[in-house]
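This report goes through selected features of one protein chain. Please keep the sequence and the coordinates at hand while reading.

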Amino acid sequence: MTWLRQLHTLDIADLRAVGQKAYYLGLLKQQGLPVAQGCVLTAAAWHHSLEQMAWPNGDGDRLASVCQNGFRTLQQSSQQWQKALRDIPAIAAIADSGLDCPEPDGFIPAAWMLRASLWVDTLGLNQAKASRLLSPGLLSAQIESDWANLAGALPQFWSQALTARCLPVWDLHCKRLRDLSLATLIMPVYPALVSGTLILSQEQITVTAVVGLGMALTQGEAIPACCWISPGQVASATWLPGFQERIYQLRPASKYRPRPLASAQPIQVIDRDRPELTAPLTQDQLVRLVQVAERAQTALGGIGARLEWLLHPSANPDQPTLIITEAAPWPAPSVTAPAPERPPPTRARSQPPLLPLASTVVRGIGAAAGCIQGVAVVAQRPQDLPKPLPEGCIVVLPDLQPDVFFQLPSVAGIVTERGGATCHAAILAREVGIPAVVGAPQATQLLDNGMVLWLDGDRGVVYGLTDEAAASFRPPVAPVPEPLPTNQPGRYHRLRTQVMVNLSQRQGLANLSLNHVAGIGLLRSEWLLLEVLEGRHPWDWVNRGQEAELQSRLVQQLEPILQTLGPRTLRYRSLDLRSHEWQALRGSPPVEPNPMLGLRGTLSYDIDDRLFQVELGALATLQRAGHGNLQLILPFVRSVEEAITCRQRVERAGLTDVTGFALWIMAEVPSVLFLLPAYAQAGIQGIAIGSNDLTQLLLAIDRDQPTMASAYDERHPVVRLAMAHLVQEARRNGLLCSICGQAPVRHPELIADLVGWGINSISVEAAALPFTLEAIWQAENGGGSGG
């Protein structure tokens with residue numbers, strides 16, 4: 001039996017083996033219609049793989065035992081089945097013979113797409129209804145850039161059919177997985193200029209289109225341009241504009257070099273200058289598309305047809321080639337499905353739904369979630385901002401340091417030209433719950449003072465609204481912050497991994513629920529102190545001999561926090577002053593050439609320990625007042641010698657005499673990866689992983705530079721290996737280990753890994769507590785990756 005079939009060779013007898021999607025494309029290809037080149041791997045390969053799987057229980061591939069015994073059973077079985085499928089070797093019959101798929105004319109494919117083509121042997125359910133249940137989007141397409149690896153990629157592609165989302169669907173009309181026939185379409189990815197859909201019914205023809213590949217549409221990132229045509233009246237067709245901010249395009253493969261390696265990224269994303277999407281097809285192209293659809297309708301034998309199509313470049317730039325990538329009768333046989341209705345003629349649409357009509361669009365990095373509408377206050381320097389600021393305004397600045405941030409109590413949103421997702425302005429915005437976009441180039445030039453803005457902190461986009469849109473647009477009601485679950489009060493009481501909170505200001509405690517929280521895992525001393533400095537740099541206080549007053553003010557800041565916490569732990573991180581962040585304060589030292597690697601952290605205590613002594617004195621005062629839950633984290637420790645010197649100062653201050661005190665170091669300088677045994681011998685009792693600095697130093701990427709934002713990723717294999725090593729090596733050396741950087745907030749999927757490695761505590765912003773608690777619970781109870 002031949003597992004690989006060319007589309008033009010298929011007939012009705014092959015339907016069960018190749019699935020509906022491949023069969024319909026084969027019908028059109030046999031009629032000479034412009035169907036994408038490709039082939040189909042029959043369901044025999046899928047069934048062969050199921051036979052090779054090592055099923056983890058005695059029921060084999062029976063679906064009822066997995067899907068009808070609760071969610072936990074479903075989730076655990078799904079993960080076990082997926083792993084078993086991925087562990088089987090590449091399909092030998094295919095890998096040995098190689099895939100032979102016809103290439104399209106005019107270009108060398110840079111990537112290939114795997115798409116599912118399904119048929120179900122149903123239980124008392126006619127095939128038409130089964131087809132309707134099997135949503136086209138249930139199994140996502142997979143793009144592979146390495147032709148030689150296609151056979152090896154099949155188990156990974158098929159494993160999505162075993163997810164907890166899909167298995168209950170199969171269970172609706174199958175007894176066993178073997179009743180599901182999963183064929184695989186293999187087609188080249190075309191360099192699409194325009195992509196879209198067409199639905200031809202008796203009443204009308206509906207065309208939708210986006211620029212580039214259709215991923216912008218299938219992923220919900222674009223509102224397509226739409227055209228409704230009455231039969232025989234293509235010449236009078238008009239387009240309803242759409243909204244598309246980004247174009248997905250195929251990276252070209254040169255004829256003079258081999259195809260890209262598997263590690264290459266075949267798809268690139270390009271920002272559009274203006275998001276409004278006007279008529280993407282010419283009149284001639286639309287006529288040609290409708291003619292092809294009418295022929296497809298005849299070939300499919302239905303009263304209508306649904307096509308997915310694209311245009312790609314040809315030898316004649318003015319006449320791109322039309323290609324059909326998917327086809328089916330419309331409506332599906334024996335299924336009543338209404339055709340999309342043309343909107344009433346009187347319906348005016350001045351803007352895409354939920355998106356404003358924008359005169360200006362500025363893109364940056366989504367730093368703090370939330371959407372807000374407000375009036376722009378634009379300034380080149382913080383001191384140029386009006387006082388007082390208008391209530392509910394959106395401040396637009398080149399940069400925003402913490403010393404200025406705390407002077408903006410009435411702002412509704414923040415936009416900066418500089419900074420990355422883990423810059424201090426971004427961290428503060430997340431902590432206080434203000435939507436923010438950072439790293440938005442030329443924002444102060446493109447956005448006008450007094451302009452009405454719509455700021456989207458989730459997607460990193462700022463819209464300057466037209467006068468018409470500003471007058472009519474009303475933003476949706478802001479979502480209420482997610483509360484901690486109360487329906488299962490004991491759910492999080494027995495977590496092995498402690499959950500803690502990062503804090504910068506006393507006010508942050510006001511709305512903080514301490515249920516299930518073990519304490520403050522990171523108290524940022526610099527930002528806490530800013531509230532009482534009266535516009536003067538800490539060194540200005542010390543240089544004027546006012547250490548005692550500064551110490552008293554620090555005690556006054558810390559004591560209410562300790563009283564609120566009760567017996568819960570408070571980990572105070574001592575001052576880590578980077579010179580460029582404090583320039584708005586009087587008496588600031590000059591800015592260093594490279595503040596990130598300059599005189600900061602514990603090295604600065606060796607040069608001049610007066611400020612450190614102020615902090616130690618404040619902590620000792622609080623201990624004497626009965627607060628035995630204080631612990632100290634040393635910042636940016638470069639060497640064991642620095643830690644030893646600080647330990648000696650801490651002992652002289654008497655802090656170690658109190659039961660419950662512990663001395664920690666931030667694990668953010670890469671040298672810590674090799675020195676944990678020495679730190680343990682030096683009397684350090686815990687490490688707090690600072691993923692922000694650790695990531696930028698491991699990858700040599702400035703986290704404050706927006707142009708490097710795409711390369712800054714805490715999920716990079718090197719960073720993950722480093723964090724895993726720190727957690728596991730800390731445990732071997734008897735050290736406690738926590739993480740207080742932004743990694744688990746920005747990438748919650750890392751939480752399961754951290755728990756699996758054995759971390760003791762995870763400290764996050766208050767807004768991240770609900771999903772962090774749930775993610776830890778899932779990881780500890782078998783729902784996470786643990787790897």
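In which loop does Pro109 lie? Pro109 lies in the loop between α5 (92-97) and β3 (112-120). The model is predicted, and in it Pro109 has a relative accessible area of 0%. Because buried means under 20% relative accessible area, Pro109 counts as buried. Pro109 and Ser145 are separated by 36 residues in sequence, while their C-alpha atoms are 8.8 Å apart in space.

**The chain as a whole**

The protein chain has 787 residues, of which 55% are buried. Its secondary structure comprises 26 helices and 32 strands. Of the contacts between residues at least 6 apart in sequence, 70% join residues at least 24 apart.

**Helix pairs**

| Helix pair | Axis distance | Crossing angle |
|---|---|---|
| α4 (residues 71-86) and α7 (residues 150-159) | within 8 Å | roughly 165 degrees |
| α23 (residues 717-732) and α25 (residues 750-757) | within 9 Å | roughly 30 degrees |
| α21 (residues 672-681) and α23 | 10 Å | about 10 degrees |

The angle between α4 and α7 is roughly 165 degrees. Angles over 145 degrees count as roughly antiparallel, so α4 and α7 are placed in that class. The crossing of α4 past α7 is right-handed. On the α4 side the contact involves Gln82, Leu85 and Arg86, which meet Pro155, Gln156, Trp158 and Ser159 in α7. By class, the residues of this contact are 3 nonpolar, 3 polar and 1 charged.

Helix α23 takes part in two of the listed pairs, one with α25 and one with α21. With α25, the crossing is right-handed. Here Arg720, Met723, Ala724, Val727 and Gln728 of α23 meet Leu750, Asp753 and Trp757 of α25. The residues of that contact divide into 5 nonpolar, 1 polar and 2 charged.

Towards α21, the axis of α23 makes an angle of about 10 degrees. This makes α21 roughly parallel to α23. In α21 the residues concerned are Val672, Leu673, Leu676 and Pro677, and they meet Ala722, His725, Leu726, Glu729 and Ala730 in α23. The contact of α21 with α23 has 7 nonpolar residues, 1 polar residue and 1 charged residue.

Why can residues three or four places apart in an α-helix point the same way? An α-helix has 3.6 residues a turn, so residues with that spacing point the same way.

**A covered helix**

How many of the 9 residues of helix α12 (residues 424-432) are buried? The count is 8 of 9, and the helix is mostly covered. The buried residues in α12 are His424, Ala425, Ala426, Ile427, Leu428, Ala429, Arg430 and Glu431. Just after α12 comes Gly433, with a positive phi of about 80 degrees.

**Asp576**

Is Asp576 buried or exposed? Its relative accessibility is 9%, so Asp576 counts as buried. Asp576 is placed in the loop between β27 (569-573) and α18 (601-607). The side chain of Asp576 forms a polar contact of 2.6 Å with the side chain of Arg600. Apart from neighbours within four places in sequence, Asp576 is in contact with Glu526, Arg600, Gly601, Pro635 and Phe636.

Conventions
Residues numbered from 1 in each chain as written. Heavy atoms only, no water. Helix = DSSP H or I, 4+ residues; strand = E, 2+ residues; numbered from the N terminus. Buried < 20%, exposed > 50% of the residue type's maximum accessible area, 1.4 Å probe, protein only. Polar contact = N/O pair within 3.5 Å; in protein donor to acceptor, adjacent residues only side chain to side chain. Contact = heavy atoms within 4.5 Å. Axes fitted to C-alpha atoms, helices over the stretch in contact; angles between N-to-C directions. Left-handed = near helix turned anticlockwise from the far one by under 90°. Nonpolar A, V, L, I, M, F, W, Y, C, P; charged D, E, K, R; others polar. Parallel < 35°, antiparallel > 145°, perpendicular 65-115°, else oblique.
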